[in-house]
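Hi,

Here is the structure I promised to pass on. Have a look at it first, then read my notes below.

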Amino acid sequence: MNINRRSSLLLKPIYHTPTHPPTDALIPLSPFDTVTYQIHEGLLYAYRPPNPSNEAIEQGLRRLLAEFKEFAGRLIFDDNGRQCILLNDEGIRFVGIEEELLQVQLTRFACGSLVVGCTIHHAVVDGLCFSHFLLAWGQTVRNGIPVLPLPLHDRSIFIPRNPPLFHFEHSEIEYTARQPKAKHPELQHTIVIERAHIPSAFLEKLKSKVSGDNPCDKPYTTFECLTAHLWRKITRVRNLEGELTTKFRIAVNGRFKMRNPTVPMSYMGNVVLWAWPRSTVKDLLSKPVGHAAGLIHDAVARVDDGYFSSFVDFSSCKEKMGGLVPSAYEGDVVLSPDLEVSSWLRMPFYDMDFGTNPPYLVAPSYTREEGFMQIVSSFTGIGDVDVFVSLFDKDMGSFIDGLYYLD
């Protein structure tokens, strides 16, 4: 295969008014932005032919950057030591470097297929906000105008209560004391990632089994049933000691939880905290899958409006925050005996259409983090789900072999 690589391009916003906004404005990050992962997250979109030209895709992106100005800016620290986004219109780069907050690469094949690779710095937006940006990009290429509603840029809407109320001990959850990390004893093993396809028929059988294990008035969701199943399967192949505690880090989006303030879907930024269901290995594996689903359901339910408000108050209190750093900064490569999951089931990634056809495959970039999972709706469009799982190579085969067995 012959590969012709274009030199990288710096794309800056296109404004349709003679007066451009100032390029020295600063947007301080919210507590939800600073507590999340300070990394680039990646996505790959694959399109069958025909596809629009590179120029059409680039021009649509430049028009959209006039509305999503944060992506064309840079992360800096202001004079008070706060991390901010500088709205300097420096732009985003095709085939980029780490300095840019948004990076895009287009790869075209001789057959006419197109792969669009995107990475975004997680401190700028969460996954739901990024999916709305991608939808707006597709619409801008198709129609020449951004999608409505336009993004809400005000990150100062999270105002601590007076007096503050600390109902939860966030210093042991979202934050941690600074301490050196011990090297994990199993780092000599290779971490691999696999896509596990979960048919809708299997999901229905799983949900039926969960309901039979733990009957209740309201059935558990597909997410709760599937993550309970995955938690048990991965814990089993890890061969952990029975008295060891295993925890499951689950992202919870505040747009569906917060009431004061109510956060619109168009909010530009992060609004994610985490639920932490936990169990001993022995209880998790000896009790039915419905028990694990109940643990997940209850833990997610506890991350409610009161929990989010308590986090805002805690993060704004200098006395509470002394000596603490976000636990997401720890940078664990190996999560065992724990797990982490990010669900994209509510995110309309397959609706990103440049005007010729929607993508036939959406996939996350490789994440070298043992025990990390991403759940996405499948390209089949019939209720199937794809799970991208990172595990040690020594465990992956046993996990895939036992995945479709309902024990």
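Strand E5 covers residues 83-87 and is joined to E4 by four bridges, with the two running antiparallel. (Strands are DSSP runs of E, at least two residues, and helices are runs of H or I, at least four residues, numbered from the N terminus; two strands pair if DSSP finds at least two bridges between them.) The open, antiparallel sheet here has three strands in the order E2-E5-E4. Its edge strands, pairing on one side only, are E2 (25-28) and E4 (74-77).

Before you read on: this is a predicted model, where local features need pLDDT of at least 70, side-chain atom pairs count only at pLDDT 80 or more, and totals for chains, interfaces and linings use all residues. Residues are numbered from 1 along each chain as its sequence is written, and side-chain values use heavy atoms, leaving out hydrogens and water.

Next, find Lys233 in helix H5 (residues 222-238). Is Lys233 buried or exposed? Lys233 counts as buried because its relative accessibility is 7% (buried means under 20% relative accessible area, exposed over 50%, partly exposed in between, with a 1.4 Å probe and protein chains only). A polar atom of its side chain lies 3.0 Å from the backbone oxygen of Gly402. Leaving aside residues up to four places away in sequence, Lys233 touches Phe399, Gly402, Leu403, Tyr405 and Asp407 (contact means heavy atoms within 4.5 Å).

Phe399 is worth a click too: counted the same way, its contacts include Leu230, Ile234 and Val389.

Cheers

Methods: A polar contact is a pair of N or O atoms within 3.5 Å; within protein, one must be able to donate a hydrogen and the other to accept it, and residues adjacent in sequence count only if both atoms are side-chain atoms.
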